[in-house]
Amino acid sequence: MLDILYSLIPQTLFFAAPLIFTALGGVYSERSGVINIGLEGLMVIGAFAAVTFNLLYANALGTMTPWISLLVAMVASAVFSLLLAIPAITFRADQTVTGVAINMLALGFGVFMIKQIFNKGQTEFISEPIYTKDVPGLVDIPVIGEMFFNNMYITSYIAIAFSFVAWYVLFKTPFGLRIRAVGEHPMAADTNGIKVYTTRYIAVIISGALAGIGGGVFAMTISLNFSVSTIAGQGFMAIAAVIFGKWNPLGAMGAALFFGFAQSLSVVGSSIPLLENVPQVYLLIAPYVLTILALAGFIGRSVAPKASGVPYVKGSR
Amino acid sequence: MFSSTKFNFIIPIISVVLGLAAGAIIMLIFGYNPILGYQALWNGVFDSGFFMSETVNRITPYILTGLAIAFAFRTGLFNIGAEGQVLVGWIASVWVGTAIDAPTVIHLPLALLAAAAAGAFWAFIPGILKAKLGVHEVIVSIMMNYVALHLTNYLIRDVMTDNSESTEQVKQTASLTNDFLIGLTGSRLHLGFIVALFMVLVMWVILERTKLGYELKAVGYNQHASNYAGMKVGRNIVISMVISGLFAGLAGAMQGLGSFGTAFTNTAFSNLGFDGIAVALLGGNNPFGVILSASLFGFLKVGALNMSTAGVPNEIIEIVIALIILFVASGFIIRWALLQLKKGERK
């Protein structure tokens, strides 16, 4: 039994990390009143930027490469998210539509650039990925050490730490209150002197940065290269995690961990005695079916921030 | 001044022009010749009957997924699950097409019906969950997409065939292809476009000419007002999703009984459903607008394949399409700019 946990828990954290980052981004954007269907595309840009930078500068930067690549991914996606922010906030464009366009644009742009830089539609595997590490000291704790601190990706810990920071910022700081205010009732917020547009811009850029990290982590821990199919639906899973987690950073983290767990079950499942005779298709669809059941059963109604998806027009009633 | 219906036409046209212009600029920046690039795009469709037929085959499912998403949008729902509904419709049509023996007059309609029913059922689940439990239709639909992907792969590998990646061809009695058209064009041009155009009429009639359509739209505008007026909100949400899924399921049948004549395993989504979102939006969620935007999409996607002869990566077209959608979505600013221009002229 313990053996199963030893393989399941690290796998869960491994699969969940990119989803956690991206879902946190989704929470910030949607809490400010901007639906971000474009998370998928922002992850694509993150993955593209991370892999490209990693391949081009691995020789010069050595073991620092993945971390600088991650920063590059973050900045690239934050800049790219302006393409969502400007139409959705300033031009009052339909946010869903804009997000869909962002997804297409990111994929087209990423593959187009890969062809420009590397002359082919799929990159080589990166030489400096993020490696697993044992956490010194903690790994020696009996049972728990083996479960949580052995052979782990440090990005998984960062993701979980980020979730708590994101929660604190959103619910315990004036800045977080402003984000929630413009997402719930922008006119009231405006009346109180909160700059609705600026706040929404910041929130969308934060979501771009976080989705960029998510894409970068995915590329440098899971896929290790970039092609048209590197990011295939992870962004949409992150959106699901946002809604599942009821627009709360910790809830979104929980949902992402749940998805990671379900995904690791389908990978590890065949070696678990209880599950080895179950046809693989059940394990493959389990995460999705369980999510639907969970939503229908005990999570109940999830209500979006009130102004989510509605462009704010100054002076309108 | 421009009336608002005029804007509905002008904004997409301006957006298409701006999108193509932006594509040309990008080609210039990266050292390609945009004239040669667009020429190759044009020739890629109109140079041969074969590719013109391929384009029609590409347009047909786009019309149907566009209708599916437009219908849901018009009734206040976002059917992001068209992707999965296409897949289940596809496999249902192929199943009926391979497993049953019957004359064409029965077999073909039956296969189409199976596809529509499968798509409708796949959309019914998010619909009923939203209506009864208030679960967000977007998240359930996204999940249903993945279930459809894995389930259809499983059915093809383990149930319909013996560990093969593709099913047999559907029987000729269930096929949408037609010897006359094949002889004429040398391609797999099939009669699906008639089905698609018919469904355009169906959507228009439902939305504009029936009490049901009126109620569906009313629920989309304002659930509470509709409820107060005595309409059954939950029931209408379910009906909307089912009709939307029915269109998407038929799009799958176009592939299964027409363009491919078979079903095969997929490692990723076909994107017919996701592209349908763009088709619906560009078409202003209007059934006739969907025909135009689906045609543009089909033309760009098929023509793009030929752009490599001019040395241009075909992803440029993905970028152009995305920009067109961004421009359409930003219609407010285009309208504003046009009005400023008009004002300037008058002074």
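**Exercise 1.** Find how many residue pairs are in polar contact between chain B and chain A, with both residues at pLDDT 80 or more.

*Solution.* Start with the rule: a polar contact is a pair of N or O atoms within 3.5 Å; within protein, one must be able to donate a hydrogen and the other to accept it, and residues adjacent in sequence count only if both atoms are side-chain atoms. The count is three residue pairs. Next, locate chain B's side: the elements giving two or more residues to it are α5 (104–133), α6 (137–160), α12 (272–282), α14 (315–329) and α15 (331–346). Helices here are DSSP runs (H or I, at least four residues), numbered from the N terminus.

A word on the model: it is predicted, so local features need pLDDT of at least 70 and side-chain atom pairs pLDDT 80 or more, while totals for chains, interfaces and linings use all residues. Residues are numbered from 1 along each chain, chains are lettered from A in the order written, and side-chain values use heavy atoms, without hydrogens and water.

**Exercise 2.** Identify the salt bridge across the interface of chain B and chain A.

*Solution.* Look for a side-chain nitrogen of Lys or Arg within 4 Å of a carboxyl oxygen of Asp or Glu. The rule finds one. E315(B) pairs with K115(A), their closest N and O atoms being 3.0 Å apart.

**Exercise 3.** State how many residues each chain gives to the contact.

*Solution.* Contact means heavy atoms within 4.5 Å. Chain B gives 42 residues and chain A gives 43.
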